[in-house]
Amino acid sequence: MKDKLKESVDTRRADFDLYDADFDQMWNNIEGDLNKSRWNIRGMAGKVAAAILVLVMVSWGFISFKFNDVAEGVALHEISPELAETEYYYSQQVAEKLSIIKASNAGVDQEVMDNLMALDSAYQDLKKDLKDNADNEEVIAAMIDNYRLKLSILEQILTEIKQHDQREQNNEVNI
């Protein structure tokens with residue numbers, strides 16, 4: 001098969017050599033295309049570097065915003081070890097009650113959840129107030145009262161959930 005192809009090319013050599021090739025011009029075109037592709041690669045690398053830079057700057061801004069938000073107030077544990085223990089106790093109790101409520105899949109009213117979020121917001125305001133005057137006993141007492149109120153609300157919700165579950169069990173037993 002190779003022989004037939006070679007024979008065919010040799011017999012039609014004149015047909016193939018219609019145009020004279022300017023090899024210098026062809027190499028110049030190839031070199032020009034190579035330079036353009038290198039420029040495109042550099043341009044693409046610049047675009048990627050710029051995108052990464054923007055991403056890093058946005059991430060840094062977000063992180064610094066979050067840390068500054070936390071740094072706007074003073075928490076109880078930053079004042080004294082006794083208050084740290086108190087804050088830890090109440091925060092653990094609140095977290096425990098919230099997890100029990102969420103695990104029970106009970107439909108808690110949105111109004112109750114809004115009230116809890118309002119208490120969280122009030123606590124953040126108290127932290128800001130405490131930053132201005134760390135020795136203010138009234139602010140510290142208000143922060144502890146905030147925890148107590150939130151804990152009381154959560155305990156009431158848990159009590160209602162238990163009562164509801166008991167009524168359902170009694171209804172199932174009676175049926």
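The largest nonpolar core of this predicted model has 22 residues, and Leu76, Leu130 and Met143 have the most contacts inside it. Such a core is a set of buried Ala, Val, Leu, Ile, Met, Phe, Trp, Tyr and Cys residues joined through side-chain atoms within 4.5 Å. Two or more residues come from each of α4 (81–103), α5 (110–132) and α6 (137–174), and α6 gives the most, with 11 residues. Helices here are DSSP runs of H or I with at least four residues, numbered from the N terminus.

Leu130 touches Val74, Leu76, Ile79, Asn136, Val139, Ile140 and Met143, leaving aside residues up to four places away in sequence; contact means heavy atoms within 4.5 Å.

In α4, the buried residues are Leu83, Glu87, Tyr90, Gln93, Val94, Lys97 and Ile101. Buried means under 20% relative accessible area, exposed over 50%, and partly exposed in between, with a 1.4 Å probe and protein chains only. The 23 residues of α4 should span 33 Å at 1.5 Å a residue, which agrees with its end C-alpha atoms being 33 Å apart; the expected span is 1.5 Å times one less than the number of residues. Just after α4, Asn105 takes a positive phi of about 55°.

On the surface, Phe23, Met26, Trp27 and Ile30 form a nonpolar patch with about 450 Å² of accessible area together. A nonpolar patch joins side chains of Val, Leu, Ile, Met, Phe, Trp or Tyr within 5 Å, from residues with over 30% relative accessible area and no salt bridge. Phe23 lies in helix α3 (residues 23–71) and is exposed, with a relative accessible area of 54%.

Residues are numbered from 1 along each chain as its sequence is written, and side-chain values use heavy atoms, without hydrogens and water. Local features need pLDDT of at least 70 and side-chain atom pairs count only at pLDDT 80 or more, while totals for chains, interfaces and linings use all residues.

Definitions and conventions:
Patches are made of residues with over 30% relative accessible area and no salt bridge: like charges are joined within 9 Å, nonpolar side chains (Val, Leu, Ile, Met, Phe, Trp, Tyr) within 5 Å. Accessible areas come from the Shrake-Rupley method with a 1.4 Å probe; for residues, only the protein chains shown count as cover. A salt bridge is a side-chain nitrogen of Lys or Arg within 4 Å of a carboxyl oxygen of Asp or Glu.
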